[in-house]
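Open the model in your viewer and keep the sequence panel beside it. The stops below are given in the order in which to select them.

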Amino acid sequence: MTTPDWLAEGAKHVWRPYCQMKTAPAPLPVVRTHGSRIVLEDGRELVDGIASWWTAVHGYNHPHIAAAVRAQLEAMPHVMFGGLAHEPAYRLAARLAAILPGELDHVFFAESGSVSVEIAMKMALQFHINRGETGRTRFLSFRGGYHGDTLATMTVCDPEEGMHSLFSGVMPAQVIADLPLDDASEAALDALLAQRGGEIAAMLTEPLVQGAGGMLFHDQEVLRRLRRLADRHGVLLIFDEIFTGFGRTGELFAMQAAGIEPDIVTLSKALTGGTLPLSAAVASRKVFEAFWSDDAGAALMHGPTYMGNALACAAANASLDLFEAGTWKADVARVSAALKEGLEPCRSAPGVVDVRVLGAIGVVEFASPVAVGALCQAFAEKGAWIRPMGKVVYLTPAYTTLDADLDILLSAIRDVIGAGGVEGSGGV
């Protein structure tokens, strides 16, 4: 592929994510998108198997979302959220409160998933402070978890996953435990909370699927165990639904499969259908009431510059329109069936230790880390954009991905994995 001028010149200045730029392959130049496809500078089209890091759930360039953003751009792209209000954000907050379970009905907007987790952590800390409880300054999170790349969120990620190991000791250490997968591990977590619960403000987990930590699945009962233990020991429960929210697991929100609700939930990624950055930390009535006071000092002093961005909120409202239409559930079921059938042959491939599917998530796990850059190139040569991470090659396609495009993705994985040579240095 000929390198376009803009890429050659810009490459001298752009700091790329998640790679050693000295040795990583050059990025593929993209000129446009449509449906589930990415169009490259040389005219080749790649079927996107990961929906741009799990965001573009309705496919690219959806006309309903595009029209909403254009209309909002003409009217008002953004105004500050401090002291001003606008319809897209206020309407979106009401709609999120209506579709989230139980009393999750107070929405704090931000721009990124990592920041929404930090906001949730800050809410949890101040919840206890405002109620006169002292000493609850730590968080309990779980091995295999990932909650962001900012300094505070790194402390609640799995410390052994490697991506953040350089920063060990920079921030105060949190409490890391195993998920309560059975009675024995629930008893162990119960004992830990009995010993250290007085210093813990909240427990934090990704419901049903720990995403960037390796696409690790757990069942609904784990969430019920966590809710019981949180209530028993007086700690808040935070669910990070940045990856799992908006249909990815087959339910609109993963928590709904367990029939419970957390005290705070974080949302991002698919919130705007993969168009504009937006996130939210949504608190229960119980949490919000701890901040509702005549005392100005009890307020949550936080406010991102682009909080409640009107363009992003317009996109999110349009995305919710598409979810309300209801076809997404059948689409996820169709994608899930294709992933189960299409990935099963990989179970016998060299180095594979597991194949698993939940909703529109398909995972092939290897015994050791895979060669991310080389695999990306191999998949691209077969017409697929698939970016492995750690020990897994995975698919999280748009729910609207056509059957023929699913076939391209699945064939690419079977062909490349079957040819061997997948082991490498890992990465994301």
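**An enclosed strand and its partners**

Start by selecting strand β4, residues 104-110, together with β12: the two pair in the antiparallel sense over six bridges. This is a predicted model. Within the pairing, show Phe109, which stands opposite Ala280 in β12.

Select Val265 and look across to Val282, its bridge partner in β12.

Is each face of β12 covered or open? On one side are Ser279, Ala281 and Ala283, on the other Ala280, Val282 and Ser284, and all of these are buried. Since six of the six residues of β12 are buried, the strand is largely enclosed by the rest of the structure.

**The cysteines**

Move on to the cysteine sulfurs. How many disulfides are there? The count is zero, taking a disulfide as a pair of cysteine sulfur atoms within 2.5 Å.

Select Cys19 and Cys376 to check one case. Cys19 is partly exposed, with a relative accessible area of 26%.

Then go to Cys346, which is in no disulfide either; its nearest cysteine sulfur is that of Cys376, 16 Å away. Is Cys346 buried or exposed? Its relative accessibility is 3%, so Cys346 counts as buried.

Notes
Residues are numbered from 1 along each chain as its sequence is written. This is a predicted model: local features need pLDDT of at least 70, side-chain atom pairs count only at pLDDT 80 or more; totals for chains, interfaces and linings use all residues. Side-chain values use heavy atoms; hydrogens and water are left out. Buried means under 20% relative accessible area, exposed over 50%, partly exposed in between (1.4 Å probe, protein chains only). Helices (H or I, at least four residues) and strands (E, at least two) are DSSP runs, numbered from the N terminus. Two strands pair if DSSP finds at least two bridges between them.
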